[in-house]
Amino acid sequence: MSAYEEARKTAKLAIDDLDAKLEELGRLARSNDTSDLARLGLDIRLRSFVDRAGHLAKELDPVHWPKFVFDPGDPAVVGRFIALALVAQPKLPLAEVRRFHGSGVYALYYNGEFPPYNPIAGTETPIYIGKAEPAEETARNPLDQGERVSRRLRDHRRSIGKAETTLNPEDFDCRFLIVQTGWQGAAEDFLIELFRPIWNNETGICYGLGKHGDSPSTRSNKRSPWDTLHSGREWAWKDPDMEDARSKEKILADLRAHFDSAAISRSVEQAITSFLDELSQI
């Protein structure tokens, strides 16, 4: 049997096996013995497999598929351009942010000397990406949107200022972009996926900057990794029953592992190149 025939046979067996397992999965999903939680887990994994199968089908197609299809109506596409516009904005010292109208997206950048953050200090890789929703869902101008971005930035400045032994608001810059209502979420999603900021929940390392005080007696709450690493916010430490969601040692170990593998943008040009690469069709 030739190598070609052997490969074809192997592929057919793999597809037949996958087809049989999909039939089995269908029977399981239709069974009344399957809990709602189990169904949700199956749904999430199955959607992931569908996406992977779609990518594989494109790879097997002898005719080339473009990696990216430009669709101005796709929120993910618009998000890329909003993110690019954010990076084009000048950096401002976080400590000097004033009140201003508007909702949208923003980024925090670290310039200090806290050792665990050395890899991104002074770079164009944000430590945190955030969005601020408008005060009114139908807001059509910055006045109607409210002082949403500036309020979020000032809230973060106050939180950072309370972590006196590890952080200083003077060591942070920020960028922000006021956007038309409804587009801030797409931009935030893209920026987080691209930069993987260590303070964002989605990255899963040192999240909790935007968290507010919750009592463990009412919500079975745990101290956020951000508060574990940067003690100072009174509500996170006043209750002796509050446990750490993650140990300090685990947080520091995950930071080291993250920076060993993360692509860090050290200049505006490098950050912009990352955006443009995402738009390449070839």
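A residue is called buried here when its relative accessible area is under 20%, exposed when that area is over 50%, and partly exposed in between, as computed with a 1.4 Å probe on protein chains only. This is a predicted model, in which local features need pLDDT of at least 70 and side-chain atom pairs count only at pLDDT 80 or more, whereas totals for chains, interfaces and linings use all residues. Residues are numbered from 1 along each chain as its sequence is written, and side-chain values use heavy atoms, with hydrogens and water left out.

Ser265 is found in the loop between α9 (248-261) and α10 (268-278), where helices (H or I, at least four residues) and strands (E, at least two) are DSSP runs, numbered from the N terminus. Leaving aside residues up to four places away in sequence, Ser265 touches Thr123, Glu124, Thr125, Phe195, Gln270, Ala271 and Ser274, a contact being heavy atoms within 4.5 Å.

The next element to follow is the sheet. Four strands form an open sheet in the order β1-β4-β2-β3, with antiparallel pairing; two strands pair if DSSP finds at least two bridges between them. β1 (92-93) and β3 stand at the edges with a single partner strand each, so one side of each is left without a neighbour in the sheet. On the β3 side, five bridges join β2 to β3, and Val105 stands opposite Lys131 in β3. Although β3 is an edge strand, β3 is mostly covered, with four of its five residues buried.

Helix α6 (residues 184-195) lies across β2 and β3 and runs at about 175° to β3, where axes are lines fitted to C-alpha atoms, for helices over the stretch in contact, and angles run from 0 to 180 degrees between N-to-C directions. α3 and α6 pack at an angle of about 75°, with their axes 7 Å apart, which makes α3 roughly perpendicular to α6; angles under 35 degrees count as roughly parallel, over 145 as roughly antiparallel, 65 to 115 as roughly perpendicular and the rest as oblique. The α3 side of this contact includes Ile82, Ala83 and Leu86, while α6 contributes Ala186, Ala187, Phe190 and Leu191.

The axes of α6 and α10 come within 12 Å and cross at roughly 110°, and these two helices are therefore roughly perpendicular to each other. Their contact is made by Phe190, Leu191, Leu194 and Phe195 of α6 together with Ala271, Ser274, Phe275 and Glu278 of α10.

Helix α5 (residues 148-162) has 15 residues and reaches 22 Å from its first C-alpha to its last, close to the 21 Å expected at 1.5 Å a residue, the expected span being 1.5 Å times one less than the number of residues. Its buried residues, among them Val149, Leu153 and Ile160, pack against β2 (104-110), β3 (128-132), β4 (172-178) and α8 (225-229). Arg151, also found in α5, counts as partly exposed at 42% relative accessibility. Arg151 and Tyr106 are 45 residues apart in sequence and 12 Å apart in space, C-alpha to C-alpha.
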